[in-house]
Each structure stands twice: as structure tokens, then as C-alpha cells.
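Here is a short report on a two-chain model. Keep the structure open while reading.

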Amino acid sequence: MCRGTVIRKNEYHDSVFLMRVARRISEEEGILQAALFMGTEKNKGFLTEIGFPAEELATATPSDLILAVKARNQQSLAGVLENLDGWLRAEPGQGNTLAVDLGEALTRQPLANLAVISVPGVYAAREAEKALERGLNVFLFSDNVPVERERFLKQYARERGLIVMGPDCGTAIIGGIGIGFANVVRRGPIGVIGASGTGIQEFTTLVHQAGSGISQAIGTGSRDLSDDVGGISMLSALDALEADSSTKTIAILSKPPGTLALASLIPRILQCPKPVVVCFLGWKKEPGSVDVPYQTARTLDEAAALAVQNVTGHLPTLFKPNGARFEALVPRERMGMNPLQKYIRGLFAGGTFCYQAQQVFMDAGLAAYSNAPITGNHKLADTLISKEHSLVDMGADEFTVGRPHPMMDSRLRRERLLVESKDPEVAVLLLDFLLGFNSSADPVGELAPAIAEAKGEVKKRGGFLSVVASVCGTNEDPQGLDQQVARLEEEGVIVLPSSAQAARFSSLLAVHAKGGV
Amino acid sequence: MSDKLKELLDRGPNVINIGVQDFADSLKVQGAEVVQVNWVPPAGGDPEMIALLDQLL
């Protein structure tokens, strides 16, 4: 094995582009590993961890491009290192005519009303502030923005009649146009405000599948309803949807808010003349508490069902729990398992789905380990090693520094899935797949061979591996929902219509494994 | 209710994209107007220099 690096001074490319190029280089004959990063301290730290000497990287700054390669032999290594320009040019998607800065962009497009910002977190607040100063609303995809900066930006925006969606905002659908990781959904009377991108994706696609549609989907960023931020963007979004003539009912999706944020949000919801569905994942109304004049949902699919019911007058069949199907499937899935097989391993691309699955498990009386445990669950000592029931958010920082997010590339989940299949106590694999703009072009296709291999591995031991999944998407998405579901079913995967239902079904398999129900 | 946020919802997004170019591409596919900014880390990415620049400007 040999390794080498190239540092290109003052050459900036965005991280998604660089990850795509690095992936293509990695697939080249004789190449063992390829990384293509900007020279930030975090990236240099990662490269040092995987064996590239720190002194070789010392001169690189965040404005410099680093190519780091491990190859089988010197010839393969040189072939890549000497052809960096060729690799960069071959990648499509860099054909946009670029404005040198925000000022020039505004001259070219004076009617602009939104800045979409996805630069590294350390620079993101600065760019957002400049955009707000120029009268632009902001969709801030970047994370790692200090919470005090977030609060400042949101207050600044609200005072100027603007909104900051984010930081850490993955998804919005405005006037029928999807921004970030969004799905192609029908336009319709349901407006949604969500603190999580995958939460908005699940809600909007389920509404679409139920035959209704979305007026607007506004992201707030994951921390908006914390007491540190106080729900500033949530309140702006609620004002906007209340005034929006195409919106007939409003859904709010978030983790449970902070006490202070909730105290300012509730009176605002009560003033709203449109029906409001509130889904604070896992939030329980205290027993005996006064009934509130808005609807509450425990899970994202329940929120979608209530919103559709508000506008159509009936609950769509998609959301009615199919008890008969579950009853028939559970013994069938359990039949081939051996007595050692007891545990569920959930490997999630969507962090909110991991959070929600933990809630569903808890409702079923199952405690779980996780790298992102909810209150009452246990933290995995080593995120790389599952224990008992484990529900793992594979999109968390510890997995994605230096590597693509599982929504864009299934490599991380593929490797983990095969590791899980070697554990004799594993009974069920629980998976999610996210379709839509900017996600992997074929998320199921990338994982299907590994699913087959994992099932084969367990079969060799005289057992049966049940694989349970949900696919968040529509047939109008570039990947096509039906095609993705059919490919999973070819591999014997049980596909449920929502992430919550997939978690619920998995929990039944575990309960059965213990001899209950 | 603010005019600028209302205008965004009524007219749909007219976007200046700063960062990941794939986001600009997916917006264009849907028919949105997008200008991509050729963003590079300010002051070579040096936080002290950036703070100094912000004070001067």
C-alpha cells in the first residue's frame, strides 16, 4: 500500500461536489481510499486519523483543496494524483454561471427573495446576516452555527419582516418549489411548519399519497423551539401560513419544545382561526389536563392523517393501522428465526425517524440503545457497536465527518448492515429510505445487495433475518416510490407505508420474540 | 404579517444560492430562477482576519 497527497492553493469547491468526485476516484482500479476536502482543521484532523501525516497537510488552509489517496501501488497512486484536474472536470454540475458575490448576484437577479446558504457552519451566520441586510429571506442549510448567533439572526429577520429557515434546515417547499432535500408533492390546502427536514419530508409525502397536497412547507431549523431561540421562526411561519390564502389547515412538527418557547407558542396557536395539528414527537398531554382546542399527534403519520382529515372530512385508508396484515406477517417473519435471535437493529438515514422509532418502541415497552437516545433510553458506549435493541442515527456527526451523509450515499449503512448480520442475536433490521431532490439517485439499489448478503449470512447460521423498511417519497420523485418499494420487496423486505408503522411492526416482532402478545 | 415573507410564499422562491451547487441545480429543474454565487472562504478562512475585515467594512 502507498499513499500520497496533493494540496491545491486557493481552489474552493463545495463538499457535496468533492464527495462525488472522491467517490468516483475510490472506484478506480487500484485505489483503496480517496478523500477530497477543503483544508479545514476538522478535515485535516480526520485525514491524520486515517493515516495521512499531519506535516504533509500543515500548509493547507480552508481555502485550499486537499486530495489524499491510498493505493495498491505507486502507478495507481500517481495516476490519480497527477490527474486531479481531469477528475474535477469530469464531474457534472459545475456548469452554472457564477456571480462573484452577493452584490453581483442581486444585480443580475434583482427580484431575488431568498438566499439558500450551505457554506461551512463557521462562515454561515456571516453570509446569512449579509443576505438579511439586503432584504432576502434565508434558507440556512448549514449547521454548527452558535445558538446565540441563531437567535440574533432570527430576531433581526423578524424585525425586518423576513424569515430565517434554519440553521440546520434540510427541507422547505415554497410555492410548489422544493428547496434542499424535498420531495415532489401535489400542491394543496395543507401548510406545514417543521423543525426537522426528514419530518417535513415524511409529512408532505404522506399527505401526497393520501391524495391531498401541500400549500407551503416551512422549515425552522432543529433548535427553533428551544428556550434559547424561543420559536422566533415558528411564530413568523405561523403568521405567514395564517395569512396565506392557499393554506386551509396548518401542521406543526417538532421535538417537544422548551417550556418558555411552548408558553409563547400555545397562545399564538389558540388565536389562529385555521385548524392546527401539533405533533411534538412523543409529547404526551398530562393525564387530566384541560383539553386544548388544537389537535395533537404522537407520530408524523398521525399528524398527516389528521391534517388530511381536516381538509377532506375523512381519514384516508393509508393511515388506518392494518391489524390483519400485521397479524398475518408477524408469525411468517418469526417462523424461520432461531431461539438466539432477539434483537432489533435500526439503522437510520433520517435522524427524526430514529428519534420517532425510539418513541414507538417505548410505547411498546421496549428500551433501546442509541447514539442519540431519548429520555429513558441508553447511550451506546461505542456508536460502532450495537447492543441489544439498538436504534442508530447514521447521519449523526460522528459518522459523517469526512464521509457522505447516508441520504446521499449508502456506503456507511451498507458496511454497518453487514456487521449487524454477523451478530447471532439479531432478529430484525429496521431501515428507512429517503427519496427526493438531492438524495441518492437509487438509495434502495445501493443497499439491496447488502440486504441479500445479510439475509444469506443469517440463513447460513440456521436463522432468518427479518428486514423491515419504510420509503419516504412519491412516484413523482426522481427515484420513483413504486420502483424503490418493488426492489425492496424483491429482497423479501417488509415495506410499511410510514416510518412510524415500520417501527411499530418491528416492535411487534421483538415482543413476539420474548414470548409476549 | 410581513410583506417580504408574504411575497416569498405568493410568488415562490427566486433564489441566490451560496454554497452547494446541487441545490441550485435542483431548483432550476423545478423552474425556479437561481443565481449561483462563487463563494470562497473569506480572508482565506482565517477567523481573526475575518473579524478584522468585518470591523473595517
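Leaving aside neighbours within four places in sequence, which residues is L81(A) in contact with? They are G4(A), V6(A), L67(A) and V69(A). This is a predicted model. L81(A) sits in helix α4 of chain A, residues 74-81. The C-alpha atoms of L81(A) and T5(A) are separated by 7.2 Å. Along the chain, these two residues are 76 residues apart.

Is L81(A) buried, or partly exposed? L81(A) is partly exposed, because 16 other C-beta atoms lie within 10 Å, and a buried residue needs 20 or more.

## Where the chains meet

Chain A brings 50 residues into contact with 39 residues of chain B. Several elements of chain A each supply at least two residues of the side that touches chain B. Among them are α1 (15-26), α6 (102-108), β5 (114-117), α7 (121-133) and α10 (232-243). By type, the residues on this side of chain A divide into 26 nonpolar, 18 polar and 6 charged.

An open sheet of 6 strands runs in the order β4(A)-β2(B)-β1(B)-β5(A)-β6(A)-β7(A). The pairing is parallel. β4 and β7 (164-165) of chain A stand at the edges. Each has a single partner strand, so one side of each is left without a neighbour in the sheet.

β5(A) pairs with a strand of chain B. Strand β1 of chain B, residues 14-18, runs parallel to β5(A), and 4 bridges join the two. Here A115(A) has I16(B) as its bridge partner. β5(A) also pairs in the parallel sense with strand β6 of chain A, residues 137-140, over 4 bridges. In that pairing, L114(A) stands opposite N137(A).

## Nonpolar cores

The largest nonpolar core has 153 residues. Which of them touch the most other members? They are I117(A), V138(A), A251(A), C279(A) and A303(A). Strand β19 of chain A, residues 426-434, gives this core its largest share, 8 residues. Domain 2 (102-318) and domain 3 (323-513) of chain A both contribute residues, so the core lies between them.

A second, separate core has 20 residues, including A22(A), A34(A), A71(A) and L77(A).

Back to V138(A), in the largest core. Not counting residues up to four places away in sequence, V138(A) touches A115(A), I117(A), A128(A), A131(A), L132(A), A157(A), V164(A) and M165(A). One of these, A115(A), is the residue bridged to I16(B).

Conventions
Residues numbered from 1 in each chain as written. Chains lettered and ligands numbered in written order. Predicted model: local features only at pLDDT ≥ 70, side-chain atom pairs only at ≥ 80, totals over all residues. Contact = placed C-beta atoms within 7 Å. Nonpolar A, V, L, I, M, F, W, Y, C, P; charged D, E, K, R; others polar. Pairing = 2+ DSSP bridges. Core = buried A, V, L, I, M, F, W, Y, C linked by C-beta atoms within 7 Å. Buried ≥ 20, exposed ≤ 12 C-beta atoms within 10 Å, placed from the backbone. Domains from an automatic or database assignment.
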